[in-house]
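Student: I would like to go through this protein one feature at a time. Can we work from the sequence and the structure together?

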Amino acid sequence: MTSARPCTIADTLAVVGEKYSLLILREVFFGVRRFDAMARNIGAPRDILATRLKRLVEAGVLEKVAYSERPPRHEYRPTAAGIELQGVLHLLRRWGDRHLTDAPPVVFTHTCGQELDPVVTCRCCGESVEPGSLTADFRVPGWGG
């Protein structure tokens, strides 16, 4: 029996690769932090939403913070790890805007005043990452291309 290729993409998908998990993150980045508002905006069954929120908290993507003691109520805030996922959502949104709709349902304006068009760039040289501009260096023996 062969084992699957070790992959942090697969590991990441185990945490955030489910539709409702990504929609929870979308809502959190829009400033929606409370369960009832998330349930309304996402349209997920409440039990599934609760399970996904619990998983994101356990994975360190969100933190659960009390905002009321009587009755006990909590909101969900992104951790530093969660905030790092915002760029991923912008890239997914960009792809969907280009390939799945005639008119984007939301447009983001960057602080430069222009509509956000996210791209992946190299932190060292500032160049955009284009097809053919990368070389894989497999670090696990036996897992070459």
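What follows is a set of questions and answers on a predicted model.

Student: Which residues of helix α3 are buried, and what covers them?

Tutor: Helix α3 spans residues 35–42, and its buried residues are Phe35, Ala37, Met38, Ala39 and Ile42. Just after α3, Gly43 has a positive phi of about 80°. The cover over the buried residues of α3 includes α2 (19–29), α4 (46–58) and β2.

Student: How are the rings of Phe30 and Phe108 arranged?

Tutor: The model has one aromatic pair. The ring centres of Phe30 and Phe108 are 6.1 Å apart and their planes are at 20°; planes under 30 degrees apart count as stacked, so this pair is stacked.

Student: Which parts of the chain does that pair tie together, and how far apart are they in sequence?

Tutor: Phe30 is partly exposed at 43% relative accessible area, and Phe108 is partly exposed at 24%. Phe30 sits in the loop between α2 and α3, while Phe108 is in the segment after α6, so the pair ties together parts separated in sequence by 78 residues.

Student: Is Glu27 buried or exposed?

Tutor: The side chain of Glu27 forms a salt bridge with that of Arg26, at 2.7 Å from N to O. Arg26 is partly exposed at 28% relative accessibility. Glu27 has a relative accessible area of 4%, and the cut-off for burial is under 20%, so Glu27 is buried.

Student: Which helices are linked by the salt bridge between Asp36 and Arg46?

Tutor: Ten salt bridges are counted in the model. In the one between Asp36 and Arg46, the closest N and O atoms are 2.7 Å apart. This pair links distant parts of the chain, ten residues apart: Asp36 belongs to helix α3 and Arg46 to helix α4.

Student: Which residues are linked with Glu75 in a network of salt bridges?

Tutor: Another salt bridge, between Arg139 and Asp137, has an N to O distance of 3.0 Å, and both of these residues are exposed. The network that contains Glu75 also holds Arg34 and Arg77.

Student: What is the area of the nonpolar surface patch that includes Val120?

Tutor: Val120 lies in the segment after α6 (86–99) and is partly exposed, at 44% relative accessible area. With Leu91, Val129 and Leu134, Val120 makes a nonpolar surface patch of about 320 Å².

Definitions and conventions. Residues are numbered from 1 along each chain as its sequence is written. This is a predicted model: local features need pLDDT of at least 70, side-chain atom pairs count only at pLDDT 80 or more; totals for chains, interfaces and linings use all residues. Side-chain values use heavy atoms; hydrogens and water are left out. Patches are made of residues with over 30% relative accessible area and no salt bridge: like charges are joined within 9 Å, nonpolar side chains (Val, Leu, Ile, Met, Phe, Trp, Tyr) within 5 Å. Accessible areas come from the Shrake-Rupley method with a 1.4 Å probe; for residues, only the protein chains shown count as cover. A salt bridge is a side-chain nitrogen of Lys or Arg within 4 Å of a carboxyl oxygen of Asp or Glu. Helices (H or I, at least four residues) and strands (E, at least two) are DSSP runs, numbered from the N terminus. Buried means under 20% relative accessible area, exposed over 50%, partly exposed in between (1.4 Å probe, protein chains only). Contact means heavy atoms within 4.5 Å. Rings of Phe, Tyr and Trp (its six-membered ring) pair if their centres lie within 6.5 Å; planes under 30 degrees apart count as stacked, over 60 as edge-to-face and the rest as tilted.
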